[in-house]
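The sequence and the model are shown first.

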Amino acid sequence: MKITDLKCAVIGQNPVVRITTDEGISGLGEVESSKSYLKPHVLFYKPFIVGEDPTNVERVMLKIRRLGSFKPWGSAVSAIEMALWDIAGKAAGLPVYKLLGGKVRDKVRVYNGGVRFPMSGNAPEDYAESMAKMKAASEGFTIIKQGIGFHSPMPRAVPDFFYGELQKGGFHANRGPLTERGLKHVVACVEAMKSVLGDEVGLALDCGPGWMVPDAIRLAKAVEPLNVMWLEDLITGDYVPYVLADLYREVTRSTSTPIHTGEQIYLRQNFKELIEKQAVRIIGPDPCDVGGIAELKWVAEYADMHSILITPHGVLDGLIGLAALVQVCATLPQNYIAFEYPVGRPEWWYDIVEGLPNPIVKDGFIEVWDTPGLGVEFNVEAARKYLQPEDADFFDEAAGTANRISSF
Ligand SMILES: [Mg+2]
């Protein structure tokens, strides 16, 4: 089998990758909805992979893996890797989890990072009210993650929150030492959310990046009695192109609260120091950023040997990304907690993708399906109307292969 084309269409906000072959089988991958600008970067890899056998996934990856980097520049490589596994699974007539070593679990736990309700403010009671709604959501989530501190409107909305200068633009661009008032506000909000969740639903907190080590230690120690599941990205993280494992290690060593990072990290090599130094208790690589699903599996196995837990990131990975997360998380070792459940936005995404269970999440879990490949396909007729004019041929086969009919 040979790859005939690598295509990319921005559908809604998500760049979608489609790899076609000379045997009529095609594969899908997806890039986070926050990266609609990445299409040219996806297409950059086309000359490296056309003509290769897509079922030798690793051999193809050796041609492109070194040409990526930390978030957002690992996304295209990651989406291509997913599409290769999709093809390999379809060619073998097997779900991707079988190719990754087989499933360890029949259903995978997810956590809520994307089912959200508008908040009326940033006071503790607003956080409590929002948490009550998420707790009552039909998905029955057993873990809910909330943004606080620099990963929330607090720097702007809470007077005298920190000593730094408020950054005007940019996502999570604020960084600096907290005031006593700022720290007390964060802790009060965490207490309010825990009072709603009790010990029935776990509370995870996405905190930064942007905290200074002394403040990170103070927060971690202050919330020790509350048994939060983890504090995420306190120091480095989302869109920070480095790790600073020694700083994380200092925070981790000072507290019983589990410290978490890793969603922006590209490749196993960049997790090495974090894992070997026991710098965090939990890592959160995203299959759409780390280099793909086999890369995520490798990182998870290495973390498990060091007693480090894993909760893959994924909130913006879309419905094809969701399928990839289900396939790989079915195979992860027993350090697995849950992955971050991606929601399809806009809502019409649920009308154009077939193969997902309905409802998708039951009692906080997703049942692992057994269809070949990633197990999701576009309803082409429904999806066509959302294609941009420049992507009108996205679902067409490459020239010369149009008469080949896929058996899937
Ligand atoms: Mg995060």
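Helix axes are lines fitted to C-alpha atoms over the stretch in contact, and angles between them run from 0 to 180 degrees between N-to-C directions. The model described here is predicted.

**Helix packing**

In those terms, helix α6 (residues 124–135) and helix α8 (residues 180–197) pack at an angle of about 30 degrees, and their axes are 8 Å apart. The crossing of α6 and α8 is right-handed. On the α6 side the contact is made by P124, E125, Y127, A128, M131, A132 and K135. On the α8 side the contributors are A188, C189, A192, M193, S195, V196 and L197. By class, the residues of this contact comprise 11 nonpolar, one polar and two charged.

Helix α8 also packs on helix α9 (residues 213–222), at an angle of about 35 degrees and with the axes 10 Å apart. The crossing of α8 and α9 is right-handed. Here α8 contributes L183, V186 and V187, while α9 contributes D215, R218, L219 and A222. The residues of the contact of α8 with α9 divide into five nonpolar, no polar and two charged.

| Helix pair | Angle | Axis separation |
|---|---|---|
| α6 and α8 | about 30 degrees | 8 Å |
| α8 and α9 | about 35 degrees | 10 Å |

**Sheets**

Strand β9 (residues 282–283) runs parallel to β10, and two bridges join them. Within this pair, I283 has I310 of β10 as its bridge partner.

Another open sheet has three strands, ordered β11-β4-β13, and its pairing is mixed. The edge strands are β11 (339–340) and β13 (365–367), each of which pairs on one side only. Strand β4 (residues 107–111) pairs with β13 in the antiparallel sense over three bridges. V108 has I366 as its bridge partner in β13. Strands of a sheet pair through backbone hydrogen bonds, either parallel or antiparallel.

**Domains and their contact**

The chain is divided into domain 1 (3–94 + 375–391) and domain 2 (98–367). Taken over C-alpha atoms, the centres of domain 1 and domain 2 are separated by 26 Å. How many residues of each domain are in contact with the other? The contact involves 36 residues of domain 1 and 33 residues of domain 2.

On the side of domain 1 that touches domain 2, the elements giving two or more residues are β2 (14–21), β3 (26–30), α4 (75–92), β14 (377–378) and α15 (380–384). Helix α4 gives the most to this side, with 10 residues. Sorted by class, the side of domain 1 that touches domain 2 has 17 nonpolar, 13 polar and six charged residues.

**Residue P40**

P40 is found in helix α1 (residues 39–44). Is P40 buried or exposed? P40 counts as exposed because it has 10 C-beta neighbours inside 10 Å, and the cut-off for exposed is 12 or fewer. P40 and G373 lie 333 residues apart in sequence, and their C-alpha atoms are 26 Å apart in space.

Technical notes
Residues numbered from 1 in each chain as written. Predicted model: local features only at pLDDT ≥ 70, side-chain atom pairs only at ≥ 80, totals over all residues. Pairing = 2+ DSSP bridges. Helix = DSSP H or I, 4+ residues; strand = E, 2+ residues; numbered from the N terminus. Left-handed = near helix turned anticlockwise from the far one by under 90°. Contact = placed C-beta atoms within 7 Å. Nonpolar A, V, L, I, M, F, W, Y, C, P; charged D, E, K, R; others polar. Domains from an automatic or database assignment. Buried ≥ 20, exposed ≤ 12 C-beta atoms within 10 Å, placed from the backbone.
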